[in-house]
Structures are given as structure tokens and as C-alpha cells.
Amino acid sequence: MSEEPPSGEGAVRLVGTAHVSADSVDEVERVIETERPDVVAVELDDGRYRQMKGGTPEDLDASDLLRGNTIFQFLAYWLLSYVQAQLGDEFDITPGADMLAGVETAELLGIDVALVDRDIQMTVQRFWARLSSLEKLKLVGSLALGAGDPVAVGLGLGAAIGGMLALPIVAFVGPVVVPASIAAPTILLLVADFLLVAAVVGGAVGLTLVALFILTAPDEDQLEEFDMSELTDTDVVSAMMEEFRQFSPGGAEALIDERDAYIAHRLVALRESGKHVVAVVGAGHRAGIQSYLDDPETLPPHDSLVGTQKSGFSVYKLFGYLFTLGFLVFFALLAIATITGVEGASGAFLLRVFGAWFLVNGIFAAGLAKLAGAHWTSAATGGAVAWLTSINPLLAPGWFAGYVELRYLDVNVGDISTLNELASNEELPIRTLLAEMRQVPLFRLIAVVALTNVGSFVGTIVFGTVFIRYLFADIGGPEGVIRLMGQAVQNSIDIIVNLV
């Protein structure tokens, strides 16, 4: 598709391609050799271009990588790239071969190359920020299903959900499997009870998910009949884009519409400078870019297409702020009770409660961090600040452990390709696969951050429902601790009211 430019201006011809199509590679080479343009523009940013050319992969910014949900952004990016790599294997072509063909053909003919796409990390951040919580879960789940066997994915998710549900069930409801005749079950019996509940719940959830995955899986005959050349057909691409837009209008805006406008800005600038341009872009972007080329006045401001996207209102963040505020008020009231000498609220008592709480949190967080492969200094750092998660859910000990672990790791975009290669090797046993993945810096960092946070969560639950029962048996266990603290808080409130 090409446009007729006004007299005195350059021209832009768009070549829509499928990133894993051999036919697209042939078309790109043919158009460039025929047109002999001044510039070949490709849908690449600087980082992806360097990696495609065999250069040093772009380093990932540590602060961005560990901030908020960025870990999950990279998980989504990894899964997306994995699915694309699997399509490339299926059709025997390297993903991005169309862009590489454009670059190499231009270089062979002595034609300038322009990188016109937005930075991939910025795009993924803005894409992730536009998704709702439900859309994020659906996206990661569907990508994980596309990257793995339905049975393995279903049972794996079931085991994870079972473990997460079993902990509060055993902690708050009480022993479920342990005989009621045992008045004071030991920690070993409680652990056995937890494992049995986790197995039952996880098995039920896992089998249900496996059945759903199998029932909703596409027909293999339809997959075998799939023609990759259809991906460059306008009607097929439009239908795919519309389906994604229905799934997530905000995500489609960041991943498709904003990039259409960003690329169009670059192409309009080249055209206005008098250049004859052949632009190699994904077929899904061709119509949007062409509409902007036809009517540049409709282009949104360039500044609105770059920068970090702020997330919208978050119930989770609101809860985190309110929870933190409530804890600080509660702690202040306890401090007042201690200073004024309220019965049961002695400094020694409070030091004993909070000291045990910090210690149990720290041991669980540091232990799971070490299990993930963290160095001792990283694990110790995560353990030392694990109590912060209990006070402020918006702070995670995994961030701190991750920052320290980055002293020992060189994390870059190339790690994603390494993980794709490992994940696609079906001959590797699960144990060997996990061991190999732990050697990849990005995977180890994500594992350290995630398991440190899980350890802190588990430590908080276990302390509040199990350890406190034995550590404070002399004052009635959890009930006694709550009673004394409640009395102290009530007395502090009375003191403040009387003063006012």
C-alpha cells in the first residue's frame, strides 16, 4: 500500500508483514529492491535492533524492574515472546525475520535505516498499566496455557492455589484433618494438616482447571490447517485486532493505537524532509498508520505517547494506605499505654510480642529467598525488612532482597531469549529445567523477589495463628495477647478523650 504525496514532499510506502512469516521476508526484500527508497524504516527500537544484530543486549533498569508490578510486566513480556518463538519454530522461521530482512537488504543496497518504533520497555509498562486486575490475570493465564501443556499448567495452578488457600483455612478455621481429640496438636501435626488440606484443595482446583482447559482448547485439526500467510490478510488482521480490543480496550490502545501514532509521527517527519521511505511494519499496524499518513492533523501530540503510564485508582493501594494508617494509630495507642503504665502493656511485653513477630517473619522470608537462589546478604536483607509487609502491604521485602541481589547479577533483555530456549526444550526433565533457569539472571531475580514476599506472607500468618499459641501460653495464647492489647488501646483512648 502506498500513498501519493503532495508535490515537493517525500513518499511513504507501507509493507505489512507477519513477524513469523517466510512470505513476508520475501515481500520485504522484493519491495526494497524494486523501490530503491532513500530510507527503510522498520518497526524496531534501538534495543531490539542491537539484539537482532547480535550486539550486547540492553540492560534492564534495576529501579524499573523492581518497582510495583514491573516484575509481572516482564513475566507477561517473556510469555508473549515465548509464544512468538513457538510460532516461529512451528513455521520454521526466526521471529522478526521480516524486520531483519528489511535492515539487511537496506544495508546491502547502501540505503539508510530508520528505527521508528517506541522503546519496548515503555510500551510494555504502558500496556500493563492500562489493564484491569482481571485482564492481567486472564492475560497471564492464557499466555501460560499457550506456553505449556494444559494438564501441567492446570495442576501447577491448582497446587499454587491450594497452598495459598490451605494456609488461612488451617490457621483461622483450625485443624481440619487432625482428630478433634488432640486438644493441643504439635507443630508437626499442624504441618501435616496443612499439607493434606493443600493436597485436597489443590487437587480439586487443578483437576477443574485441567477439564476447563481441555474443553476450551482449539481443535488440533484447525491448527494444522492454519495458514501463516493469512496473518497478512487485512480482514484476518482486523478481526484479530478487534478481538483483542474487546478483551482490553486500554491494553489495545497502548499496544496498538499509541504505537500506530508514534510510528506515524516518525514517518511523517521523514516524508516532510523529502525522503522516499519504505516502512516495514506489522500487518496489524498498517491500517492505523496509513490513516495518520493520509491525515496527519489527526495525530495525537507526541508527548502523550511517551513516558511512564500512571495506573488508575487501585482498591489494593487504598487498602494498603488505610491498613498502614490503622497500624500506626494502633501502635501509637500501645505506646501511650506503655508510657502511662497501663496494666499488661509493659515495655517488656510489647518487646516480646513484636520481637517474636519480626523474627518469625524474617526467618520465613530469608529462608524462601535462599531457596530461590539468593545470596546470603540478599536473603538476610529481605528477612530483616520482612516485618514491613505486615505493617505496609504496599512495601515488599522482595524489592529490598532484589536490589541487593542485583549486585551479583547482570540482568538484560537477552535473558528472555535464553529462557525461551530452555522452556522450548521438551527433553529436559522438570528438575533439570528449573536448575538451568535458576542460572539465568532474570529468572533468579524474579524468583528471589517473589519467594521473599511469599515467605513474609506465610510468616505473618503462621506467627499470628501458630507460634503465638506456644510463645504466649502463659497469658492465654492469642486470646490473651489480643485481650491485653485491647485493654491497653481502650485505656489509651480513654486517656486521650479525657485530655480533650
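Modeller: Axes are lines fitted to C-alpha atoms, for helices over the stretch in contact, and angles run from 0 to 180 degrees between N-to-C directions. Helices (H or I, at least four residues) and strands (E, at least two) are DSSP runs, numbered from the N terminus. The model is predicted: local features need pLDDT of at least 70 and side-chain atom pairs count only at pLDDT 80 or more, while totals for chains, interfaces and linings use all residues. Residues are numbered from 1 along each chain as its sequence is written, and side-chain values use heavy atoms, leaving out hydrogens and water.

Colleague: How does α16 lie relative to α18?

Modeller: Angles under 35 degrees count as roughly parallel, over 145 as roughly antiparallel, 65 to 115 as roughly perpendicular and the rest as oblique. The axes of α16 (residues 376–384) and α18 (residues 397–405) come within 8 Å and cross at roughly 155 degrees. That makes the two helices roughly antiparallel.

Colleague: How many residues of the α16 and α18 contact are charged?

Modeller: Contact means heavy atoms within 4.5 Å. α16 brings Thr 377, Ser 378, Thr 381 and Gly 382, and α18 brings Pro 397, Phe 400, Ala 401, Val 404 and Glu 405. Ala, Val, Leu, Ile, Met, Phe, Trp, Tyr, Cys and Pro count as nonpolar, Asp, Glu, Lys and Arg as charged, and the others, Gly among them, as polar. The contact splits into four nonpolar, four polar and, as charged, one.

Colleague: How do α12 and α13 lie to each other?

Modeller: Helix α12 (residues 249–272) packs on helix α13 (residues 283–294) with axes 8 Å apart. The angle is about 50 degrees. α12 and α13 are therefore oblique.

Colleague: How many residues of the α12 and α13 contact are nonpolar?

Modeller: On α12, the contact residues include Leu 255, Ile 256, Arg 259 and Asp 260. α13 contributes Gly 284, His 285, Gly 288, Ile 289, Tyr 292 and Leu 293. Three contact residues are polar and three charged, and the nonpolar ones number ten.

Colleague: How does α19 lie relative to α20?

Modeller: Helix α19 covers residues 414–423 and helix α20 residues 430–438. Their axes come within 10 Å and cross at roughly 170 degrees. That makes α19 and α20 roughly antiparallel.

Colleague: Which strands are the edge strands of the sheet?

Modeller: Two strands pair if DSSP finds at least two bridges between them. Four strands form an open, parallel sheet in the order β1-β4-β2-β3. Two of them, 11–17 and 112–115, pair on one side only. Those edge strands are β1 and β3.

Colleague: What is the bridge partner of Ala 41 in β4?

Modeller: Strand β2 (residues 39–42) and strand β4 (residues 276–282) run parallel. Four bridges join them. In β4, Ala 41 is partnered by Ala 279.

Colleague: At about what angle to β1 does α13 run?

Modeller: α13 lies across both β1 and β4. Relative to β1, it runs at about 160 degrees.

Colleague: How far apart are the end C-alpha atoms of residues 445–472?

Modeller: An unreviewed UniProt entry lists 445–472 as one of its "transmembrane region" spans; such annotations may be inferred rather than shown by experiment, and positions follow the numbering used here, with feature names shortened. The span is 96% helix and 0% strand. Its end C-alpha atoms are separated by 37 Å.
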